Amino acid sequence: MTAHTSANVPLEYQTNQNQMNILGFWIFLGAEIVLFSTLFASYFVLEHNTAGGPVGHEIFILKDVLIETFLLLTSSFTCGLAIHAMRNNSKNGLMFWTIITLLFGLGFLYMEINEFIHYIHEGATIQTSGFTAAFFTLLGTHGAHVSFGIVWIALLLIQLAKRGITQVTARKFFIASLYWHFLDVVWIFIFTFVYLKGMVM
Amino acid sequence: MSLDEFFVTGDPLILASQIAIGLTMIGLIALVTYLKRWKWLWSEWFTTVDHKKIGIMYILAGVLMFFRGGVDGLMMKAQTSRPNLEFLDAQHYDEIFTTHGVIMILFMAMPMLIGIMNVVIPLQIGARDVAFPKLNALSFWLFFVAAMLFNVSFVIGGSPDAGWTSYFPLAGKEFTPGVGNNYYAIALQIAGIGTLATGINFIVTIVKMRAPGMTWMKMPMFTWTSLVTSIIIVAAFPIFTVALAYMTLDRLFGTHFFTVAAGGDPMLWLNLFWLWGHPEVYIVVLPAFGMFSEVIATFARKNLYGYKSMVFSVVGIAFLSMLVWVHHFYTMGNSASVNTVFSLTTMMIAIPTGVKIFNWLFTLRKGRIEFSNAMLWSLAFIPCFTIGGVTGVMLAMAAADYQYHNTMFLVAHFHYVLIPGVVFAVFAGLYYWWPKMFGFKLSEKIGKWHFWLFVIGFNLTFMPMFFVGLDGMSRRMYTYSEGLGWEGWLGFSAVGSIVMAAGFAALCYNIYWSFRYAPRDIGNDPWNARTLEWATATPAPHYNFAKIPEVTRLDPYWDMKKKGETGLKKSDLKPVHMPSNSWTPIFLGVAFGVVGFFLVFEWFTLAIISSIGIIIGLVANSFDYDEGYHIPVEELEEEERAWRGDLK
Ligand code: HEM
Ligand SMILES: [Cu+2]
């Protein structure tokens, strides 16, 4: 609870409370890893239980998935640039790169929603089989995280506009960036173990 | 849905409860209004972020839930006390063992332990609060709202009835069509979010907020076990979150995670459930071990024997607890080699647990033992828990488990683990830390009644269950025929449960009596204790410590007392920073409860509309830049003088 400060660490680490928030968020990400591991493990269990419905490689469109991957990976890069700008104490740079990040995120969501609509037209809804249930839940959980992140970071932008870069806003942006990178990592696993594996096997 | 489907009708027992609940609610509201206490309730309790008050609310809720779960237990005991009784029908019995199990574990054991952790841990590590006080309040309200949601099920819509394990396919829509199991899926989900937040909160608190000098190996044992429990919470609860989400999707949205016909797999539920469920029993038992360690060290007037081995065995138990889940379904078609592996890991847990038992015994050896109530509970724990542990090793043998599986033998086993391991610990903890919360001791004399009635009643109730179990009585049987040779044992057991209930009544009377008559001038250190929570006033002031203590060794307060360093210099006082109260936790809790209720009834439009409440709460929270306030030195000085006399 003390406002103890030390100047030679980045702004977001400068108070004890901020350090605790950041540590707490890392632990939360640990819980998220368990959550996604469980979703992946269940997916592997149910992957082949298509119950007469479509199989993965019949419905996946690799091109769209690649575009999604490109959008999300780039957004992670721009998110890094945003934090870089924040470290340089450039409010406008932080604003700019964060907005770019969100736009990439929205692009990703647009593609993903289209992808889901495509699957539904192909006769693969969440109710079709064990496979589709696990597939849509894994993807949907990731997509819901991205959507939540977009709204959350948009709220942070309002706070940044009002207050500028302070110890508190810097911490909030830093934590949001951890979250965003984490979703990127999860996507890499989805890309590899759901799509690529699904196309090959 | 018509109104008579909404309310459960047609059963006189339930009708009576409906009326009783309605009258109690009206009575409570009238009472608070009459006493003009609404404002006080709101500003002192509902919006508080003080870890001590949050802890007290947890404990109060836990006691209420113990009452509810206990009544369920008594009703089951009454129903099976004689053969062919018709006190409860099969459906009603199913509902009751389900709500009993869920309430006892998630809404009694968890809040009791988390409540005591809340009260004690910050004080014990010399901190002024937990790391995230507002999040802590949110955890409480999520738990509380979830408990209420789960509890109304028996009067509104119908109770869940597929057991606390809610195995599929039984728990699926096909075999359990009503809303009962929706309550299970959704209330536990809400409670689980709160518990996860508690886990994160306590890890950060313990890692980051210990008093200067309190290195890892100088941490009190209760702090250690709470840390490890919090880590298990973070590692295990997300699994349950996913499992419950699958259950919700299957029941509400027609997916097929667990239906074989459409490519689902009911064993997936079993695995996920127990991947969380087994660690969960360690989540509840480890803090209890920590409390016994504190109590035993204090009342044997010795430091804990084998502190280091105790730490390693706690960590070892935590690790192993993740690797044993299959022992809950040895009989469900695993290969012999899988069963063998899980048999071994399960038996291995007995080793660190045994280490702990011996540590407690050696702490007692040559100690100057004081038989206070807290100590009595700890002493009774050791043999009773050992019976639970030894029968656990019996169950761990996969081949033999084909005989024991799902019998009353198992039910007796886990009650012998959970009641000594959790309930005795909670009682020990309550007697021990009661002064810290309220400034007076519970009566030791009435406490003896509580102790003897409860311990004797407990053994009478559950010992016979071992024997009927070995005689072939399976669990969850609502009745049985004459001539099986069980009625003697079960009659005995039913009487025992009444004795145990009398013990609980003695506790309630003790609380009432002590509030009115117990002496208040007990000083700050009524037990001649060893750890930091006693180094400040009793009851603890809202800022906990006027000056953060410095630690040089284990049992720091004992050391300070020996060296005569317990005083406080006036020049050491600095303004203390405190967090402000907040309305968002209770608001968010209620919002989650409302959305949850609509989801239970599958009224999706209403659920979507009311989730605006959750969004408002989250946004308000994000825009809240309140930085708390400072307590000025004069106020600290005044409060400290009140109990210390003069400052140096
Ligand atoms: C207060 C005294 C208690 C009594 C009289 C009691 C009695 C019972 C009885 C009769 C059953 C059902 C046996 C059957 O027909 O299968 C049962 C089940 C159970 N009890 Fe208790 N119990 C008590 C306390 C506790 C406590 C403190 C806990 C946990 C902390 C607990 C956890 C459970 C669980 C998890 C089940 C299994 C429910 C299921 O089958 O789904 N009980 N108890
Ligand atoms: Cu287990």
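In this predicted model, the side chains of Lys197(A) and Glu47(A) meet in a salt bridge, with a nitrogen-to-oxygen distance of 3.0 Å. Lys197(A) belongs to helix 6 (residues 167-200) of chain A, while Glu47(A) sits in the loop between helix 1 (16-46) and helix 2 (56-59), so the pair ties together parts of chain A that are 150 residues apart in sequence. Side chains of opposite charge can pair in this way when their charged atoms come close. Over all chains, the count comes to 17 salt bridges.

The loop that holds Glu47(A) has another feature to look at. Ala51(A), which is also placed in the loop between helix 1 and helix 2 of chain A, has a positive phi of about 50 degrees although it is not a glycine. As background, most residues other than glycine have a negative phi. Along its principal axes, the C-alpha trace of chain A spans about 60 × 30 × 25 Å.

Turning to the interface, 37 residues of chain A are in contact with 36 residues of chain B. About 3,000 Å² is buried between the two chains, and carbon and sulfur atoms give 73% of this area. Lys208(B), Phe623(B) and Tyr625(B) supply 20% of the area that chain B buries against chain A, which is more than any other three residues. How many salt bridges are found between chain B and chain A? The count is 0, whereas 9 residue pairs are in polar contact, with both residues of each pair at pLDDT 80 or more. Four helices of chain B each supply at least two residues of the side that touches chain A: helix 7 (180-208), helix 8 (221-253), helix 9 (266-300) and helix 19 (604-622). Helix 8 gives the most to this side of chain B, with 9 residues. By class, the side of chain B that touches chain A has 26 nonpolar, 8 polar and 2 charged residues.

The copper ion (ligand 2) is coordinated by ND1 of His278(B), NE2 of His327(B) and NE2 of His328(B), at 1.7 to 2.0 Å. Along the chain, these donors follow the spacing H-x48-H-H.

Several polar approaches to oxygen atoms of the ligand can be followed in the model. A polar side-chain atom of Tyr93(B) lies 2.7 Å from an oxygen atom of ligand 1, and a polar side-chain atom of Arg475(B) lies 3.0 Å from an oxygen atom of ligand 1. For Arg476(B), a polar backbone atom is 2.5 Å from an oxygen atom of the ligand.

One joins Phe168(B) and Pro169(B), with omega of about 0 degrees, and Pro169(B) is found in the loop between helix 6 (133-152) and helix 7 of chain B. The peptide bond from Thr538(B) to Pro539(B) is cis as well, with omega near 0 degrees. Pro539(B) is found in the loop between helix 16 (487-517) and helix 17 (556-563) of chain B. For context, most peptide bonds are trans.

Methods. Residues are numbered from 1 along each chain as its sequence is written. Chains are lettered from A and ligands numbered from 1 in the order in which they are written. This is a predicted model: local features need pLDDT of at least 70, side-chain atom pairs count only at pLDDT 80 or more; totals for chains, interfaces and linings use all residues. Side-chain values use heavy atoms; hydrogens and water are left out. Contact means heavy atoms within 4.5 Å. Buried area is the accessible area (1.4 Å probe) that two parts lose on being put together, summed over both. A salt bridge is a side-chain nitrogen of Lys or Arg within 4 Å of a carboxyl oxygen of Asp or Glu. A polar contact is a pair of N or O atoms within 3.5 Å; within protein, one must be able to donate a hydrogen and the other to accept it, and residues adjacent in sequence count only if both atoms are side-chain atoms. Ala, Val, Leu, Ile, Met, Phe, Trp, Tyr, Cys and Pro count as nonpolar, Asp, Glu, Lys and Arg as charged, and the others, Gly among them, as polar. Donors are N, O and S atoms within 2.8 Å of the metal (3.2 Å for Na, K and Ca); water is not among the atoms, so sites may look incomplete.
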